[in-house]
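Subject: Structure for you, with notes on its aromatic rings

Hello,

Here is the structure for your files.

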Amino acid sequence: MRAFSFAVFLFCVAFAPVAYAEDPVQTAQSLIEQQIEAFLHDDAATAYSFAAPGIKALFPDKDSFFAMVRKNYLPVYHPGNYAFGKSRAIDNGAVVYQEVLITATDDKDWTAIYQITRQPDGSYKINGVQILAKTASEGI
């Protein structure tokens, strides 16, 4: 009986990764953190590596991508502090929307809404970011 129980245990351990696929929301949050870290270190190549093919079609090299981020997404490029807010995975995790609450280095508050998409190879990439200024009345 012990041998059978041990065999069942080994079987369950061997197939556990299949049964518990990686959580799309955690994957999205990890991607966002890694890209923000790359921005903070001015590592254009790494930051660009997280961009989805559609973004890369608009910005065909890391330098044009990085210039666009510095110009239009300063709170994401160099946040003072950030925290993850609400998230939503749809279509069995094919798309994840992740809210990121940012306090910029100038103490202004922002909300960035990331769209993360699963690619044909199963990896996830950042497909877009919408950034919204938080008004004083929103905190009341």
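Predicted model: local features only at pLDDT ≥ 70, side-chain atom pairs only at ≥ 80, totals over all residues.

Residues are numbered from 1 along each chain as its sequence is written, and side-chain values use heavy atoms, without hydrogens and water.

A pair of aromatic rings is described by the distance of the centres and the angle of the planes. Rings of Phe, Tyr and Trp (its six-membered ring) pair if their centres lie within 6.5 Å; planes under 30 degrees apart count as stacked, over 60 as edge-to-face and the rest as tilted. By this rule there are six aromatic pairs.

One of them is Tyr48 with Phe65: the centres are 5.4 Å apart and the planes stand at 55 degrees, so the pair is tilted. Tyr48 belongs to helix α3 (residues 44-49) and Phe65 to helix α5 (residues 62-72), so this contact ties together parts 17 residues apart in sequence. Helices here are DSSP runs (H or I, at least four residues), numbered from the N terminus.

Tyr48 is buried at 11% relative accessibility, and Phe65 is buried at 5%. Buried means under 20% relative accessible area (1.4 Å probe, protein chains only).

Phe66 and Tyr77 have ring centres 5.6 Å apart and planes at 85 degrees, so that pair is edge-to-face. Phe66 is in helix α5 and Tyr77 in helix α6 (residues 74-77), 11 residues apart. Both are buried.

Ring pairs join Phe39, Tyr48, Phe65, Phe66 and Tyr77 into a cluster.

Regards

Notes
Helix = DSSP H or I, 4+ residues; strand = E, 2+ residues; numbered from the N terminus. Buried < 20%, exposed > 50% of the residue type's maximum accessible area, 1.4 Å probe, protein only.
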